[in-house]
Amino acid sequence: MDFKLTEEQQMIKQAARDFAQTDCLPGVIERDDQQKFPQDQIKKMGELGFMGMMVSPEYGGSGMDTLSYVLAMEEISKIDASCSVAMSVNNSLVCWGLEKFGTEEQKQKYLKPLASGEKIGAFCLSEPEAGSDATSQRTTAEDKGDYYLLNGTKNWITNGNSASIYLVIAQTDPEKGHRGINALIVEKGMDGFVVGKKEDKLGIRGSDTHSLMFTDVKVPKENRIGEDGFGFKFAMKTLSGGRIGIAAQALGIAAGAYELALKYAQERKAFGKEIMRHQAIAFKLADMHTEIEAARMLVYRAALDKDNGESFDLSSAMAKLKASQVAMDVTVEAVQIHGGYGYVKEYHVERLMRDAKITQIYEGTSEIQKIVISRAIAD
């Protein structure tokens with residue numbers, strides 16, 4: 001449990017903080033208000049190596065550990081969660097899954113441009129009838145010999161329109177249930193693949209969340225990841241790592257709100273002294289700081305479990321459950337500390353509060369995390 005950062009990790013953390021302050025902060029309120037995808041920022045993240053942090057340099061990645069990835073996610077999430085969710089999906093769900101389970105041909109063709117940031121990836125699991133119950137896939141991939149015929153709809157897909165490469169989970173053999181599900185690599189522009197409307201969201205409004213429609217899309221057999229029927233297991237293994245990324249995002253949102261609240265409390269005066277000197281505010285900040293540190297330890301622990309080759313299903317679920325709750329609690333208190341100013345966009349905390357909520361929902365709701373945790377401790 002030694003969380004002392006190496007010199008390299010400290011440099012990564014500082015580089016991510018500098019990038020967030022210099023490149024993400026300017027215009028972040030306008031991007032949120034206009035639901036504008038942070039294209040320039042994500043391009044810069046690719047140039048800095050943040051879009052394929054854990055991928056081997058052999059495939060164009062940075063070859064870093066999970067803890068370094070968590071550190072970068074936290075710093076960027078303090079400023080713009082719309083940037084960090086694109087980074088999280090590309091790193092945790094798309095690149096990691098391809099490097100871990102893809103063929104050499106798939107890695108050369110798809111992983112390399114994703115890891116370098118040249119292209120962006122999307123992970124397509126959720127459907128109108130299959131959110132938390134991922135086994136209920138209505139999207140079908142009919143085996144036609146040398147290709148699959150893909151039909152169906154996916155909902156709430158991060159990077160839905162900006163991505164070029166999509167990992168799509170679909171049912172091939174309904175009689176086998178979840179053992180009949182496959183994971184397919186689909187390219188934007190394939191005949192029959194249409195990007196639907198962009199969702200008008202409460203938070204992470206810069207992130208382009210879309211529905212996707214597939215009508216008789218021919219996906220070559222060589223685009224299947226793993227053996228026939230491996231798709232559900234692929235999705236679950238990938239999501240376990242993805243939860244570390246979202247936990248780090250939640251941690252960053254909380255820490256960003258706390259930093260703003262602390263600064264405001266040290267400057268704002270009421271009844272003749274800084275509001276930080278009033279016990280009502282001081283105790284709020286004490287609780288916020290303590291809860292953030294507790295969440296940070298859980299997130300770091302999950303990252304280290306993954307780096308050490310240990311099972312991280314339980315630790316990632318606990319990290320996401322705790323960090324997402326802390327993100328909600330801390331951002332609400334940050335708004336309260338700011339008073340009326342906290343309710344307007346200029347002071348950023350109202351946006352962070354809106355961004356925090358999704359961390360309790362995507363990549364497994366808090367209720368799903370409790371199922372994962374309770375099953376693990378029951379065994």
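Let's start with helix α10 and its buried residues: Val 349, Glu 350, Arg 351, Leu 352, Arg 354, Asp 355 and Ala 356. This is a predicted model, so keep that in mind throughout. The helix spans residues 349-358 and is mostly covered, with 7 of its 10 residues buried. What does the covering?

Let's follow α5 for a while. It runs over residues 81-101, and it packs against α6, residues 104-115. Two packed helices are described by the angle between their axes and the distance between the axes. For α5 and α6, the angle is about 155° and the axes are 10 Å apart. Angles over 145 degrees count as roughly antiparallel, so α5 is roughly antiparallel to α6. The crossing of these two helices is left-handed.

Which residues meet there? From α5 come Asn 90, Val 94, Cys 95, Leu 98 and Glu 99. From α6 come Lys 107, Tyr 110, Leu 111, Leu 114 and Ala 115. By class, that contact has 7 nonpolar, 1 polar and 2 charged residues.

Now go to Ser 82, also placed in helix α5. Is Ser 82 buried or exposed? Its relative accessible area is 4%, and buried means under 20%, so Ser 82 is buried. Setting aside residues up to four places away in sequence, Ser 82 touches Pro 38, Ile 204, Arg 205, Gly 206 and Ser 207. Cys 24 and Ser 82 are 58 residues apart along the chain, and their C-alpha atoms are separated by 9.8 Å.

Last topic: aromatic rings. The count comes to 10 aromatic pairs in this model. Take Phe 101 and Phe 234. Their ring centres are 5.8 Å apart and their planes stand at 75°. Planes over 60 degrees apart count as edge-to-face, so that is what this pair is.

Where do the two rings sit? Phe 101 is in helix α5, and Phe 234 is in helix α7, residues 231-267. The pair links distant parts of the chain, 133 residues apart. Both Phe 101 and Phe 234 are buried. Ring pairs also bring in Trp 96 and Phe 230, linking them with Phe 101 and Phe 234 into a cluster.

Definitions and conventions. Residues are numbered from 1 along each chain as its sequence is written. This is a predicted model: local features need pLDDT of at least 70, side-chain atom pairs count only at pLDDT 80 or more; totals for chains, interfaces and linings use all residues. Side-chain values use heavy atoms; hydrogens and water are left out. Axes are lines fitted to C-alpha atoms, for helices over the stretch in contact, and angles run from 0 to 180 degrees between N-to-C directions. Helices (H or I, at least four residues) and strands (E, at least two) are DSSP runs, numbered from the N terminus. Angles under 35 degrees count as roughly parallel, over 145 as roughly antiparallel, 65 to 115 as roughly perpendicular and the rest as oblique. A crossing is left-handed if the near helix is turned anticlockwise from the far one by less than a right angle, and right-handed if clockwise. Contact means heavy atoms within 4.5 Å. Ala, Val, Leu, Ile, Met, Phe, Trp, Tyr, Cys and Pro count as nonpolar, Asp, Glu, Lys and Arg as charged, and the others, Gly among them, as polar. Rings of Phe, Tyr and Trp (its six-membered ring) pair if their centres lie within 6.5 Å; planes under 30 degrees apart count as stacked, over 60 as edge-to-face and the rest as tilted. Buried means under 20% relative accessible area, exposed over 50%, partly exposed in between (1.4 Å probe, protein chains only).
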